[in-house]
Structures are given as structure tokens and as C-alpha cells.
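This report walks through a few parts of one structure. Please look over the sequence and the model before reading on.

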Amino acid sequence: MPDTTRGVAARAVDVWKSYGSGDAAVTALAGVSVEFEREHFTAIMGPSGSGKSTLMHCLAGLDDVTDGEVWIGDTKVTGLNDKGLTELRRDQVGFVFQQFNLLPTLTAEENITLPLAIGGRKVDRAWFDTVIDTVGLRDRLTHRPTQLSGGQQQRVACARALVSRPEVVFADEPTGNLDSKSGAEVLGFLQKSAREFGQTIVMVTHDPNAASYADRVIFLADGKIVNEILDPTADAVLETMKHLDTAVGVS
Ligand SMILES: Nc1ncnc2c1ncn2[C@@H]1O[C@H](COP(=O)(O)OP(=O)(O)OP(=O)(O)O)[C@@H](O)[C@H]1O
């Protein structure tokens, strides 16, 4: 399924990440090399503590690596100074978090366009309209987050991540706080963003059903990539997870 002619949106090259030092040191990533093809939706799975969030944070420039290299598109993230990292996170990366992370005093529309405003960039109205209609928020744009359901808030967060057309959207357990119907809507939207709009998506999840919306699932255990499935079904993901749990134990 991955089509290398489209190029690579994000890449980790032999990435190591340790926290702490001496006896208290924890190796969260132990030599991870992985490429995320442009226009694909990839899920990252693995037992608790296997390094999923650490890998995502390192890829997105939210955390530095102990060794190895991280790239977003043509930008080498490793070694960027604070200004470079701020610009990278603002212009080339979109985020969707489990807790939505919307600003309560802003309307849905203001939340969605905030990253563009901060970056001094103009809103592409045609693209904004496409995103809004796809997530079904047309009649909610003047509402504040407290006036929206969890599912609607997460759709605002998805729209915010997409409106700047970033190189990659990173989603960290985007359905973790949603009921199954709202979760399915958000996952359907992420899938559509990749398939119809060519948006690269990388999502961390614990949920085999959520992972089945992706084009590819990579599995981490003990800070290493240990398996991968293309065109996953929920059953295939569940089966692979069972074997990982047996192999490494669940913490
Ligand atoms: N800031 C930190 N300081 C110290 N250790 C950390 C820190 N962040 C993560 N770790 C450790 O690194 C390892 C990987 O953690 P990480 O959060 O990446 O795993 P995960 O697969 O995302 O887990 P979960 O599914 O429970 O969210 C764990 O052993 C964790 O305790």
C-alpha cells in the first residue's frame, strides 16, 4: 500500500530516547527507524509503556531525542533551535489530543483559525469551507467549546489540525474521551483526510477498532518496532496485540 513515489512525511532514523540517568534511567525508545509515507494514515500501537507517546512526541518536535535523527518532510528536526522548533510545530505539524485542548474563550471558528493567525498566515477560505463541511461543523462555528459535545469539540480540534495543511497531523488517542459513535465519526474523518485530501496522519491508539481505520499499523514493544500490518482489520490488530502482550508482558 505505501507508495514511495509520494515521498516521506516523517521519518525516525535509529532513534533512542532515555529519561533520567544512572540507576533510574529508562530507555523509552531503543533504536527506532520508521518512515511515514505521505498521504497515508498510520496507527501506532503497543502495550502500555512501550514508547508510543514518546515516539510521537519525538517525531513532532515536542521532545528531543537522546540519539538518532528525526525528519518532518525535508526538515531535519533533530538539532533545530527553539525558534526552529516553534516554527516547525506551528507550520508543519498539526495535533489532535485526547483532551481536545481547545481555548474555552474562543469560538469554534476562532479555535480552528488560531494557528494560522499566530503564524501570520491567511485563511484559505475554500479549504476552510471544505474542512468545515466535511466535519459537519457549519452550524456550530460561533459556539464556544462548552456549548459543544465532546465529539463536536474533537471535530473542531481535527479541523484546527487540518486547516493549515500541515505535513503531518499527529493524533494522540483522539477517541479516548469519546463514545463509540462520536469516535467513529472522528476516525472516519481522519481516514477521509488521508484518502481524499492527501493528509498524512499518524495516530497513537490503544483501540484495535480505531487502528483498523488506518492504512497501516506499526507495533511497538519495549521501545522497538516489532511488527507491522497493512490494510488492518480490527481482528488482525487484536490478534497481533495478544502476541505482543504474551511476548513482553503488559505493564
Ligand atoms: N517524562 C518521563 N520521565 C521518565 N520516564 C518517562 C517519561 N515519559 C515516559 N517515560 C517512560 O518511558 C516509557 C515509555 O513511555 P510512553 O509514555 O512513551 O509509553 P506509551 O506506550 O505511550 O504508554 P501508554 O500506552 O501507557 O500511554 C515508559 O517506561 C515510561 O514510564
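Which residue in S2 is the bridge partner of tryptophan 16? The partner is alanine 30. The model is a predicted one.

Strand S1, residues 8-19, is joined to S2 by nine bridges, and the two run antiparallel. Both belong to an open sheet of four strands, ordered S2-S1-S4-S5 with antiparallel pairing. S2 and strand S5 (75-76) are the edge strands, each pairing on one side only. Helix H1 packs on this sheet and touches S1, S2 and strand S4 (67-72). The direction of H1 makes about 120° with that of S1.

Strands of a sheet pair through backbone hydrogen bonds, and the pairing may be parallel or antiparallel.

## The ligand shell

H1 gives the most, with three residues.

The residues around the ligand include Tyr19, Val26, Ala28, Lys52, Ser53 and Thr54. Also among them are Gly46, Ser48, Gly49, Ser50 and Gly51. By class, the shell has eight polar residues, three nonpolar and one charged.

Arginine 216 stands opposite leucine 230 in S10.

Two residues lie between the strands of this hairpin. Aspartate 222 takes a positive phi near 50° there.

Conventions
Residues are numbered from 1 along each chain as its sequence is written. This is a predicted model: local features need pLDDT of at least 70, side-chain atom pairs count only at pLDDT 80 or more; totals for chains, interfaces and linings use all residues. Two strands pair if DSSP finds at least two bridges between them. A residue is near a molecule or strand if its C-beta atom, placed from the backbone, lies within 6 Å of it. Ala, Val, Leu, Ile, Met, Phe, Trp, Tyr, Cys and Pro count as nonpolar, Asp, Glu, Lys and Arg as charged, and the others, Gly among them, as polar. Two residues are in contact if their C-beta atoms, placed from the backbone, lie within 7 Å. Axes are lines fitted to C-alpha atoms, for helices over the stretch in contact, and angles run from 0 to 180 degrees between N-to-C directions.
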